[in-house]
Amino acid sequence: MAATEGDNGEFYLRYYVGHRGKFGHEFLEFEFRPDGKLRYANNSNYKNDTMIRKEVFLTPAVLKECRRIISESEIMKEDDNNWPEPDRVGKQELEIVMGNEHISFTTSKIGSLVDVHSSQDPEGLRIFYYLVQDLKCFVFSLISLHFKIKPI
């Protein structure tokens with residue numbers, strides 16, 4: 001991958017997906033901060049579950065990999081004007097600052113690729129959908145690696 005301006009400049013990412021329903025405000029949110037801190041929160045009130053919060057500082061190599069995932073997705077070229085509006089089912093938000101570029105998307109929760117294909121902008125929403133899947137896997141891997149219970 002060729003070096004881009006985003007490789008060395010400012011970097012910030014925040015993703016949120018959630019809804020308000022029978023069990024209150026349920027959501028998943030994570031944030032990569034400019035100082036290298038990854039913040040993660042998962043609030044499910046189902047059966048009186050408690051909120052899970054985790055924080056960890058990441059190495060520059062991990063942040064570089066996150067930037068690469070974003071850069072290769074080409075999400076920075078997209079526009080959410082024709083994406084489904086948030087509704088009672090919930091909403092998703094994605095904000096990214098990379099170098100001198102800043103994007104912020106808001107859309108409804110996506111249940112499956114059927115929702116993507118039936119939207120007014122299936123190509124743009126498909127890029128968003130797959131990027132979010134990649135980012136969730138990346139974050140879940142980092143959280144589970146860092147907070148793994150050590151054997152006695």
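Predicted model: local features only at pLDDT ≥ 70, side-chain atom pairs only at ≥ 80, totals over all residues.
Residues are numbered from 1 along each chain as its sequence is written, and side-chain values use heavy atoms, with hydrogens and water left out. Local features need pLDDT of at least 70, and side-chain atom pairs count only at pLDDT 80 or more, whereas totals for chains, interfaces and linings use all residues.

A salt bridge is a side-chain nitrogen of Lys or Arg within 4 Å of a carboxyl oxygen of Asp or Glu. By this rule, 11 salt bridges were counted. One of them joins R14 and E29, with an N to O distance of 3.1 Å. R14 belongs to strand β1 (residues 11-21) and E29 to strand β2 (residues 24-32), so this pair ties together parts 15 residues apart in sequence. Strands here are DSSP runs of E, at least two residues long, numbered from the N terminus. E29 is partly exposed, at 25% relative accessible area.

E31 bridges to R33, where the closest N and O atoms are 3.8 Å apart. E31 also bridges to R39, and here the closest N and O atoms are 3.1 Å apart. E31 is buried, with a relative accessible area of 11%. R33 is partly exposed, at 32% relative accessibility. R39 is likewise partly exposed, at 32%. Salt bridges link E31, R33, K37, R39 and E55 in a network.

Methods
Helix = DSSP H or I, 4+ residues; strand = E, 2+ residues; numbered from the N terminus. Buried < 20%, exposed > 50% of the residue type's maximum accessible area, 1.4 Å probe, protein only.
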